[in-house]
Amino acid sequence: MNAVGIDVSKGKSVVSVLRPFGEVVTKPFTVSHTGSGLSELVTCLKGLEGETRVVMEHTGRYYEPIAQFLHDAGFFVSAVNPKLIKDYRNNSLRKVKTDKADSRKIARYALDNWTELRQHTPMDTIRYQLKTLNRQRALYARTKTMLKNNLIALLDQTYPGVNALFESPVREDGSQKWVDFAASFWHLDCVRKQSLSAFTEQYHKWCRRHGYNFSAGKATEIYDQAKDQITMLPKDALTKGMIRQAVDTLNDVSKTVEQLKEEMHRLAAQLPEYPVVMEMRGVGDSLGPQLMAEIGDVTRFARRSAITAFAGVDPGADQSGSHEAKSVHTSKSGPPELRKALFLVMDCLLKTAPPDDPVFQFMDKKRSEGKPYLVYMTAGANKFLRIYYGRVREYLGIIKEN
């Protein structure tokens with residue numbers, strides 16, 4: 001049997017091929033991530049005698065095209081969690097960190113775990129697109145938060161507290177009432193330098209123009225608050241330009257976030273597990289596609305404990321002799337995007353408190369026992385994933401039978 005260890009990096013990989021008892025089939029060599037480079041690798045591996053298995057780490061997105069290429073060529077490909085390779089014994093006192101050494105280490109891992117290797121099943125086009133969109137959504141969401149904080153910091157110098165005037169949610173196009181208001185009334189003097197009746201009329205026209213509900217009482221409240229505020233920046237063209245630019249940038253990014261959410265929902269609706277996932281408590285139009293994007297195909301997990309380990313919410317163990325720790329940190333070895341989505345689901349369950357939901361009941365029990373916040377939130381995420389695994393597997397089984 002031939003164990004092929006591939007240390008993947010951007011644009012190229014280093015390949016080592018070993019056999020049992022330390023026999024070196026080929027010395028480490030470099031392969032470029034091009035059609036010709038990977039074709040040469042396929043030709044080389046097909047010339048080996050005996051069964052061949054290819055192992056690589058699933059780090060970032062670099063490994064996916066190589067795994068797909070070799071899978072299509074008919075090879076057994078296994079993508080291993082990087083932590084398993086990192087914790088694998090080096091059998092040496094020297095600390096060596098090179099691409100060649102890493103590829104040999106991966107090949108040795110493949111030999112020692114030959115029968116336990118799980119074949120990599122490339123995600124279909126929809127799942128791949130969904131995961132990519134989710135990562136883009138997360139990036140733009142972080143950018144949106146940064147731009148929002150920047151706009152609030154600017155407005156604190158021209159119109160303090162304007163971001164707290166309205167509680168209207170974000171619209172489908174990404175716009176928000178307080179942001180639109182700040183674009184038109186970017187300085188306190190835009191409000192207080194006119195009479196109450198004049199501002200009320202102007203505010204009424206603004207609401208009609210932007211499609212917001214008008215309230216004369218709200219106009220009076222805004223006017224009274226503006227009269228008692230203090231500004232730091234003058235009302236001039238430079239200040240107006242800074243505010244307007246910050247507003248326009250925030251609106252553009254907010255619109256992109258909402259478009260990505262809509263596209264994610266459209267793609268997720270095409271997956272077979274969509275109906276059962278969306279029926280789960282705490283999961284909505286936003287979190288449902290995020291969960292499906294990060295978890296992927298649950299059929300690749302052999303048991304419930306595998307999916308909780310993948311998410312990094314599995315409880316660890318610390319026992320030796322008479323010592324046994326009562327509380328152990330979770331591994332946190334999986335994608336942080338998945339754990340964030342799970343915690344948002346748990347937060348939704350705590351806020352809505354559905355009395356008949358088993359996950360909420362479990363978290364509420366742990367909370368009543370005096371467990372810390374992170375403990376019962378992580379425990380709830382673990383239980384949610386196990387229920388998710390069972391329901392989706394059962395549903396997919398029913399679909400397959402029909």
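Which residue lies over the face of Phe 76, and at what distance from the ring centre? In this predicted model, the residue over that face is Arg 53, at 4.2 Å from the ring centre. A second case of this kind involves Lys 383, whose charged end sits over the ring of Phe 362, 5.4 Å from the centre.

Next comes the sheet. Five strands make up an open sheet in the order E3-E2-E1-E4-E5, and the pairing is mixed. Strand E3 (23-32) and strand E5 (76-80) stand at the edges with a single partner strand each, so one side of each has no neighbour in the sheet. On average, neighbouring strands here are turned by 20° against each other, direction ignored.

Strands E1 (residues 2-8) and E2 (residues 12-19) run antiparallel and are joined by six bridges. Ile 6 stands opposite Val 15 in E2, while Gly 5 stands opposite Ser 16 of that strand. The two strands form a hairpin with three residues between them, and Gly 11 in the turn takes a positive phi of about 90°. With E4, strand E1 pairs in the parallel sense, over five bridges; there, Val 4 is found opposite Val 54. As for burial, seven of the seven residues of E1 are buried. Both faces are covered, with Asn 2, Val 4, Ile 6 and Val 8 buried on one side and Ala 3, Gly 5 and Asp 7 buried on the other.

What packs on this sheet? Going back to the strand pair, E1 and E2 are held together by six bridges. Helix H2 (residues 63-72) packs on the sheet, touching E1, E2, strand E4 (52-57) and E5, and its direction makes about 170° with that of E4. Helix H4 (residues 99-112) also packs on the sheet and touches E1, E2, E3, E4 and E5; its direction makes about 45° with that of E2.

Aromatic rings come next, with 15 aromatic pairs in the structure. Phe 301 and Phe 310 form a tilted pair, 5.4 Å centre to centre with 50° between the planes, and both of these residues are buried. Tyr 373 and Tyr 376 pair edge-to-face instead, at 5.6 Å centre to centre and 80° between the planes. These two tyrosines lie in helix H16 (residues 373-401), three residues apart, or about one turn of the helix. Tyr 373 counts as partly exposed because its relative accessibility is 44%, whereas Tyr 376, at 9%, counts as buried. Elsewhere, ring pairs link Tyr 159, Phe 166, Phe 181, Phe 185, Phe 199, Tyr 203, Trp 206, Tyr 212, Phe 214 and Tyr 223 into a cluster.

Tyr 212 of that cluster turns up again among the contacts of Gln 176, along with Ser 168, Pro 169 and Val 170, once neighbours within four places in sequence are left aside. Gln 176 sits in the loop between helix H5 (125-155) and helix H6 (177-184). Its relative accessibility is 17%, so Gln 176 counts as buried.

Finally, helix H14 (residues 336-352) has 17 residues and reaches 24 Å from its first C-alpha to its last, close to the 24 Å expected at 1.5 Å a residue. The buried residues of H14 are Leu 338, Arg 339, Ala 341, Leu 342, Val 345, Met 346, Leu 349 and Leu 350. Just after the helix, Ala 353 has a positive phi of about 50°.

Notes. Residues numbered from 1 in each chain as written. Predicted model: local features only at pLDDT ≥ 70, side-chain atom pairs only at ≥ 80, totals over all residues. Heavy atoms only, no water. Helix = DSSP H or I, 4+ residues; strand = E, 2+ residues; numbered from the N terminus. Expected span 1.5 Å × (residues − 1). Buried < 20%, exposed > 50% of the residue type's maximum accessible area, 1.4 Å probe, protein only. Phe/Tyr/Trp six-rings, centres within 6.5 Å; stacked < 30°, edge-to-face > 60°. Lys NZ or Arg CZ within 6 Å of the ring centre and 35° of its normal. Pairing = 2+ DSSP bridges. Axes fitted to C-alpha atoms, helices over the stretch in contact; angles between N-to-C directions. Contact = heavy atoms within 4.5 Å.
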